[in-house]
Every structure is written in C-alpha cells, then in structure tokens.
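Reader: I would like to learn how to read the features of a protein model. Where should we start?

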Amino acid sequence: MSGMREGVWPIAAAGVAAISAISLFASSSSSTSLWSSSSASTSVSADELPPLSPVAYAATPSDIPIVFVPGMRGTHLAQILTPDSLNSSSSSSSTSPVPPSSNSPLLSAPTMSVSSSTASPTSFSPVRSSSSPSSSSSSSCRRRVYLTAKQALLPWLTASECAALPLPMRWHRLPDAQVQQGDYPYRQEHDDVVPDEVMEAVGFVPVYRPLLALGRELSAHRRRPFYAFAYDWRRDNLESVQRLLCFVMEVSRAHGHRPVQVVAHSMGGTLTLAAMHQRPDLFAGVLLAGVPTGPSVAFLEDLHLGAVAGLSRRVYAPEATFTYPSSFFTFPLTAELDGPPWHTGLFHLGSGDDPCRLSEQSSARWHDAAWWRQHRLSVFADRSLTPAQLDQAERHLEHCLRRAAQYRHAFVPRRGFSYPPLATLASYAQPTKHVALLDGPRAVRGLDFESAERVPGDGRVVYELSGLPHYVPHLHYTTRLAHTDLLNDTELIVRILNRLLHERSLRGHTV
C-alpha cells in the first residue's frame, strides 16, 4: 500500500524534487527493462565480477530461488503500442497514453481488450522483472505510462500528460463451463495497459532499489537465483494470484522443480498467501513485510480523496482508484466487524472535552455497494455525477466487492493449514491512520481522516493488523522503518531468509 501510499514512496521534499528533475526526462521516456535481456543473459566469469558485498556474502548459498512480490503500485505499467499508435507517437513528445475521450467524471477507460498472452512481458532470466517468465514479447512495442519521474515530480502537468489509468467499468459474464463452483462468474474488461517492470527507482528516488540490487548481486555470483514478479496491481487480485502461481511454477521448473522462497511486500503478501493456500508445495518459505492480513479501512482515504505520487495528486485520482478491484481487498467482511474498533473504521463524533473522541461506531456494511452510495463514499460524494453515472458506479462496485470478498477468503490465514516456514516483518514506530470520522472538524466531502488519534504501525498498515495470527507458526521481526522502506534494510532481510532456510532444514528438507 503506498504511503503513506502503498509500494511507491512518500512525498518528496521540494529540494529533492528539484534535484530529481535533472534526470526525469530521460527516465520518463524510457520503455526498456530495468535489466535488459542482453545484460541479464550475458555470461560473466567470476574473475570479472566485483567482490561480494558483506550483506550478500552473509546470504546462505542455496539453489532455492528467491521470488520478490512487490506491493500495490510497485510495478511500472506500459501501454501496448499498435502500428497506428507507433506512427502517432513518433510525432508526439508525450509519454502518457491518450486520455479517455469520454467526458464522464468517472474517467471511463478505453474499451480495447488485451488477451492474457499479450500481458506477459519480458523473457525468463535471473534478476528479471516479469509477469510471465517465459514470454518473449518485445519491450519496443510498449511505452511506459506509469510511473515516470515527469509524472511524479511535475504537479503542474496537464491531465493528458499525467493520465490516471482507470480501468473499464464493464464486466462480462463467463460461460458456465468456465465457472468453478463457488466462483463469482463476472470478470472485468481489460484495457491496453500491461505490467512493465518492478520499480527500482523513479528518477533519483529509490523504491525497491536496495532489495533488487541485492538480488542482482546474489544472482550474478550464483549464490541465490533471484526473480522479481511484475503484475498489474490495478486489476482483480484473484487474477494476479493465478499469474503469480504460473510465474512460481515456471521458476520452480527452471531450477529442478525446487520450491521457491518468497519475499513479499504489502499487498504482494496477500497474493502470496492466496497462492500458497492453493499450492503449498511450491513454497520453501515466505517473508511477509508490512502485509495487511487483518481487516482495515486503509484504502478508504485513497478511494475518497486520492493519494499522492511524489508531488502529484493526478496519478492516484479517486475516480481512477475506484475502478481498480484491488482497492477493496482490506475492507472487513461482516464476520470481521466484531473485532477491535479499527476493523469497522467509521465513527461518529464524540462529545465532551474531546470533540474528536471516538464514540458510536456506524453500522458499516463495507461489502454492500448501496451502503457506499447511501453514505456518499468515494465517487458517490461527487455531486456532479448524474443518476446514470451513479448507477454505473454502483454496478461496478457490486462486482468489485463480490470479488474482494472472495479474495479475502482466499488469503486470510487458516487454522490447521500446513504452512512452510513463515516470517513477518512489521513496524510499530510510525503513527498510522486507522479510522475516519463522519463529518469531523477537518472533513473533506464528509469524511475526516486527520482528527482521530493515530496508532502504532508503519504509516500505512496498523501494527496489530500486519502480522499472522497466533495459530499460524511463524517468526516475527519488528523494525522502526516506514511502510515503503521495510525492505531497504537488506542486512535484516538476508538474516531472515537465512533463518527461514534453517527452519526448512530442521523440517528435514534440503536447502
């Protein structure tokens, strides 16, 4: 979650933005891989490599590959270029997709569909960022549209230069033969945007650079194979789980059918848990860093007010975030509303000496689209929308919430399940929002996210909701780092991965 906005990075200071702007035009026009296929596959002798850093040297040598699963908004996205768009782009300096032609305030997305094979960039090689390891589509036929330094560091860009990349709000019913028992039969239409690369940095601002640099070093010295999984974080998480499973299976086959060790950040950890519940035999161990396993309303602010990318609020506009099914996975199910107050997350004002004291909880029905509309949450607070647009938004939300509920059941930790060695990494030192006040003193469009007292966490995920329940055996590590920086302490990450290998050996498995 990104943070506070998941998977990307906090607001840059004006001085940092000015320095980063020096390189933004070069980075914003790039559509090539962070690691080109030529450099990734080139054979280099051990004598030509720089010596191992102390951190990489401390990593236990193993043939078990490491797979990194980033959090939401932690993967660059690219637009597929057709011959017509290639011709038009040659005469244009813009690196953002053409904005939707519709004047709808809901930012209706383009209708072009993309097959599943199209959305599988890059080839299969170590330290490679990919949504499908074996695909061979060329990066020259795509253009990066998220996230460029130009988009993040120049808040005065026009909407066409800083498109918010909404998804289509059209859903189609699957043929009955393709619907499994208990599965929701509708799927969201695709657009012409696909995953590009896991973010190493945007301009001079690092995102996952320390961890990816460690993975590059481990792979180059053949100490540990390392792979990064890129996915379209906007889409239905259940789709991403199946892509992750395919990716892990291909990595496993490439290494003698060995299980993989996963490092997962934030929403990527919930994808990993859901995949592990389907195929536990594919996983040798998992590190979950800042993963919101407990129910929360963490994304309500993003859906209601939007979020910040660097210095810009255009990229994560609430109208676009509302079209992403992945935005709703943290909201509690009805059965989860009896827990601590932040499970409900929506309060009326208190009274007495402290007007912001939490008092009566609202009777929240987070998986009821009509309830969202009744309380004017997210796009339903926009009074400029017509009744027809509100009806369209409600129908779309019904689909999103049905899939989100199915996804929560898929990833929530299970009693009695035979898990591989697990570890969690969570922060307790960053004040973290956990509730919203209805019509509070600092309310915007009816909700106040600022006045209520904050609780310990990582700035995005509440500490008490970022671990695993007591009935799931696991190792637990704490840190003082913020959500977006949890994986930057690579020395700690190596120690945890070594410990997970040791735990695996204690269970009688080879490492």
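**Core, strands and a crossover**

Author: Start with the core. A nonpolar core is a set of buried Ala, Val, Leu, Ile, Met, Phe, Trp, Tyr and Cys residues joined through side-chain atoms within 4.5 Å; buried means under 20% relative accessible area, with exposed over 50% and partly exposed in between (1.4 Å probe, protein chains only). Here the largest nonpolar core has 114 residues, and F68, L300, F328, W366 and W372 have the most contacts inside it. Helix α12 gives the most to this core, with nine residues.

Reader: What are the limits on these values?

Author: This is a predicted model, in which local features need pLDDT of at least 70 and side-chain atom pairs count only at pLDDT 80 or more, while totals for chains, interfaces and linings use all residues. Residues are numbered from 1 along each chain as its sequence is written, and side-chain values use heavy atoms, with hydrogens and water left out.

Reader: Which strands does β11 pair with?

Author: Two strands pair if DSSP finds at least two bridges between them. β1 is joined to β11 by four bridges, and the two run parallel; in this pairing F68 stands opposite V263. β11 also pairs with β12 in the parallel sense, over six bridges, and A264 has L288 in β12 as its bridge partner.

Reader: What is the hand of the crossover from β11 to β12?

Author: A crossover is right-handed if, with the strands pointing away from the viewer, the path from the first strand over the helix to the second runs clockwise. The chain passes from β11 through α8 to β12, and this β-α-β crossover is right-handed.

Reader: How many residues of α8 are buried, and what covers them?

Author: 11 of the 12 residues of α8 are buried. What covers them includes β1, α7, β11, β12, α12 and β16.

Reader: What span should helix α8 have?

Author: The expected span is 1.5 Å times one less than the number of residues. For the 12 residues of α8 (267-278) that should be 16 Å, and the end C-alpha atoms are 17 Å apart, which agrees.

Methods
Contact means heavy atoms within 4.5 Å.
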